[in-house]
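Trainee: I have just opened this entry and would like to be walked through it slowly. Could we look at it together, one question at a time?

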Number of protein chains: 2
Amino acid sequence: MSAHDTAGAGETGAQRRSPAEETRTLVSSQTVGHLATVGDTGSPWCSLVAYGPMADGNPVVLVSTLAVDGGNLARDPRASLAIHDPSAPGDPLDRPRITLAGRTVQPDGERAQEALDAHVAAIPGAGLYAGWDEFALWVLEVEHVHCVGGFYRTDTIGRDAYRAAEPDPTAPVAAKVAEQLNKSYADGLLAIARELGGARGAVAAVCTGIDRYGIDLSCTGAGQSAPARVPFDEPLTKAADVRPAAVGLFARAAGG
Amino acid sequence: MSAHDTAGAGETGAQRRSPAEETRTLVSSQTVGHLATVGDTGSPWCSLVAYGPMADGNPVVLVSTLAVDGGNLARDPRASLAIHDPSAPGDPLDRPRITLAGRTVQPDGERAQEALDAHVAAIPGAGLYAGWDEFALWVLEVEHVHCVGGFYRTDTIGRDAYRAAEPDPTAPVAAKVAEQLNKSYADGLLAIARELGGARGAVAAVCTGIDRYGIDLSCTGAGQSAPARVPFDEPLTKAADVRPAAVGLFARAAGG
């Protein structure tokens, strides 16, 4: 079997998350980032912050007006927020990371409640001090996003594309389901690789990732490994769809 | 036994790392931070960077002149670098974190080699592209440090105190030695707690931390827990001193 037989045609043309969707997914999966603000002499200031994203992806921070970053925002609304996944394996400089750049605003009226709800949904403990005079809620209105590393090497995403994209609803459960598939359904994964992933000569297949559009496999045969991508029938719309979609692929691979 | 009996007098007056020493230790224990720089329109920019500290604690970054942060530094040398330990347990907002603020310079001559050596010592892979035209070495000359959270709630450390302080040489091995003591030397720790930590009524003691100045214990007795601090005879000067110093405390506790 050649490397080509192992990989097959499974990779070509299969839909993947767009850079904007990757970005929205990363923003939704994390609750801590680093905020750059402008200090009183114009010097840039970097601080760790907790955030929660609103439905449009704009992150909400709750900072003390007595803290350096809180004082900076009160004087100059410009800010950028850098986010990465510190729990991902490998060198952080080889992994995807993003910077959201824009201006911060203190939300009014209904928008203030939405912003508070978004922050507290991500950081439940923040509910305790959200009402204090000393704490101010700021929404970073994202103007553009800069992405570095990983599947998207370097990319700039505009405001509208960022807002229009959805976080992948399967992201919170994907790693766990992949682990379960690898642990308990090795035969099913191999059938998917051979029948649907084009890796006819594979003798083993490991699930290396799942997202709303499909499943990634690493297929091994004749001492070689190659990736394969198998799309789901339809993009998934919620986390609970992942298991049924995987079962659907098992059935399709078995000719069911 | 009262809580006072459990804790005893071990905590009072025992030397601990100063905020400047904590800061230098944290800077030396990490290799990744977030850098705030000034963008071309004056907006603040936040990016993930790898760094290595020089002997004086000034961090060295190696950035592409084509990257946003590299371009920003070439126009405006002001920067700040935020560092925390992402592997520490608990909520990142409850843990110690620091921001080093100052100006970046491109080192010349001998200083350039020192800076490169410091960076590559922390980030061995950087040696591969350090010589490329596209990459520039910058030293952040720290003017002040802002510390938040943990044992030092909020503190500002000046340039001279930061440079004069030493990273704790025992930090790279302390957690591992504490784990080994807890696993294999429970009786010895209890003797230290009772005889040297003033917790006469303790029935169990767990090592919760070690640093160059001493050992922290959590002592339990009569259903209550209290901390105790037992100093070493002398501040330790290297990582290899930790085990002999712990053995020294065992001997002292046993009256040896």
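**A guided reading**

Mentor: Chain A has eight helices and 10 strands, and please keep in mind from the start that this is a predicted model.

Trainee: What are the spans of the C-alpha trace of chain A along its principal axes, and what share of its residues counts as buried?

Mentor: Taken along its principal axes, the C-alpha trace of chain A extends over about 65 × 30 × 30 Å. When contacts between residues at least 6 apart in sequence are considered in chain A, 64% of them join residues at least 24 apart. As for burial, chain A has 256 residues, and the share that counts as buried is 48%.

Trainee: Which side chain makes a polar contact with the side chain of A:Thr170?

Mentor: A:Thr170 belongs to the loop that runs between helix 5 (159-164) and helix 6 (171-184) of chain A. Its relative accessible area is 0%, so A:Thr170 is buried. Leaving aside residues up to four places away in sequence, A:Thr170 touches several others, among them A:Asp211, A:Leu236 and A:Val242. The polar contact, at 2.7 Å, is with the side chain of A:Asp168.

Trainee: Is A:Arg229 buried or exposed, and which side chain does it join in a polar contact of 2.9 Å?

Mentor: A:Arg229 is placed in strand 10 (residues 224-231) of chain A, and because its relative accessible area is 0%, A:Arg229 is buried. The side chain of A:Arg229 also reaches a backbone oxygen, that of A:Gln15, at 2.8 Å. The polar contact of 2.9 Å joins the side chain of A:Arg229 to that of A:Asp211.

Trainee: How far apart in space are A:Arg229 and A:Thr37?

Mentor: Along the sequence, A:Arg229 and A:Thr37 are separated by 192 residues. In space, from C-alpha to C-alpha, the distance between A:Arg229 and A:Thr37 is 41 Å.

Trainee: Turning to chain B, why do the buried residues of helix 6 line one face of the helix?

Mentor: The buried residues in helix 6 of chain B are B:Ala174, B:Val177, B:Ala178 and B:Leu181. Viewed down the axis of helix 6 of chain B, its buried residues fall within a limited arc, so they line one face of the helix. In general, an α-helix has 3.6 residues a turn, so residues three or four places apart point the same way. The arc in helix 6 of chain B is 110 degrees.

Trainee: Which elements do the buried residues of helix 6 of chain B pack against?

Mentor: The face of helix 6 of chain B that is turned away from the buried side carries exposed residues, including B:Lys176, B:Glu179 and B:Lys183. The buried residues of helix 6 of chain B, in turn, pack against helix 7 (186-195), strand 8 (204-211), strand 9 (214-221) and helix 8 (242-253) of chain B.

Trainee: How far apart are the end C-alpha atoms of helix 6 of chain B?

Mentor: Helix 6 of chain B covers residues 171-184, which is 14 residues, and at 1.5 Å a residue these should span 20 Å.

Trainee: How are the planes of the rings of A:Trp132 and A:Phe135 arranged?

Mentor: A search of the whole structure finds four aromatic pairs over all chains. One of them is formed by A:Trp132 and A:Phe135, whose ring centres are 6.0 Å apart. Planes over 60 degrees apart count as edge-to-face, and since the planes of A:Trp132 and A:Phe135 are at 65 degrees, the pair is edge-to-face.

Trainee: Is B:Asp160 buried or exposed, and which side chain does its own side chain contact?

Mentor: B:Asp160 is found in helix 5 (residues 159-164) of chain B. With a relative accessible area of 54%, B:Asp160 is exposed. Its side chain makes a polar contact of 2.8 Å with the side chain of B:Arg159.

Methods:
Residues are numbered from 1 along each chain as its sequence is written. Chains are lettered from A and ligands numbered from 1 in the order in which they are written. This is a predicted model: local features need pLDDT of at least 70, side-chain atom pairs count only at pLDDT 80 or more; totals for chains, interfaces and linings use all residues. Side-chain values use heavy atoms; hydrogens and water are left out. Helices (H or I, at least four residues) and strands (E, at least two) are DSSP runs, numbered from the N terminus. The expected span of a helix is 1.5 Å times one less than its number of residues. Buried means under 20% relative accessible area, exposed over 50%, partly exposed in between (1.4 Å probe, protein chains only). The arc is that of the directions from the helix axis to the C-beta atoms. Contact means heavy atoms within 4.5 Å. A polar contact is a pair of N or O atoms within 3.5 Å; within protein, one must be able to donate a hydrogen and the other to accept it, and residues adjacent in sequence count only if both atoms are side-chain atoms. Rings of Phe, Tyr and Trp (its six-membered ring) pair if their centres lie within 6.5 Å; planes under 30 degrees apart count as stacked, over 60 as edge-to-face and the rest as tilted.
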